Amino acid sequence: MSFIERILNSNGKIFTVVFTKKDGTIRELNGRLGVVKHLKGGQSTLDPEKFIIVYDLKNEGYRAINKSTIIEVKGV
């Protein structure tokens, strides 16, 4: 199972993902999918084929992760 499939099949469970940010630095994020409590409305302009939207539990905000830059997924 690929990293992307593991994240998409997490069913709201907390997971850790390691990826390369746009500026080239490595980032480790603890998050979950399906969090809607903090949404403010509007439509995402990001391409769902390229990005996964994850709620960052530490920084309490939504983050877009480029699917092609994922290095490791833990917890799912």
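Here are some questions and answers on the core and strands of this predicted model.

Visitor: Why is Gly 61 called buried?
Guide: Its relative accessible area is 11%. Buried means under 20%. Gly 61 is therefore buried.

Visitor: Where is Gly 61 placed?
Guide: In strand 4, residues 61–66.

Visitor: What does Gly 61 contact, leaving aside neighbours within four places in sequence?
Guide: Val 54, Tyr 55 and Asp 56. The cut-off for contact is heavy atoms within 4.5 Å.

Visitor: How far apart are the C-alpha atoms of Gly 61 and Gly 31?
Guide: They are separated by 9.6 Å. Along the chain the two residues are 30 apart.

Visitor: What makes strand 3 and strand 4 a pair?
Guide: They share 6 bridges, in the antiparallel sense. Pairing takes at least two bridges, so these strands qualify. Ile 53 stands opposite Ala 64 in strand 4. The hairpin has 4 residues between the strands, and Glu 60 takes a positive phi near 50 degrees there.

Visitor: Why do strand 2 and strand 3 count as paired?
Guide: They have 2 bridges, also antiparallel. The definition asks for at least two, so they pair. Gly 31 stands opposite Asp 56 in strand 3.

Visitor: What makes up the largest nonpolar core?
Guide: It has 11 residues, including Phe 15, Leu 29, Val 54 and Ile 65. Strands 1, 3 and 5 each supply at least two of its residues. Strand 1 gives the most, with 3.

Visitor: Which residues does Val 54 touch, not counting those up to four places away in sequence?
Guide: Among them are Phe 15, Leu 29, Leu 33 and Ile 65. Gly 31 and Gly 61 are also on the list.

Note on methods
Residues numbered from 1 in each chain as written. Predicted model: local features only at pLDDT ≥ 70, side-chain atom pairs only at ≥ 80, totals over all residues. Heavy atoms only, no water. Core = buried A, V, L, I, M, F, W, Y, C linked by side-chain atoms within 4.5 Å. Buried < 20%, exposed > 50% of the residue type's maximum accessible area, 1.4 Å probe, protein only.
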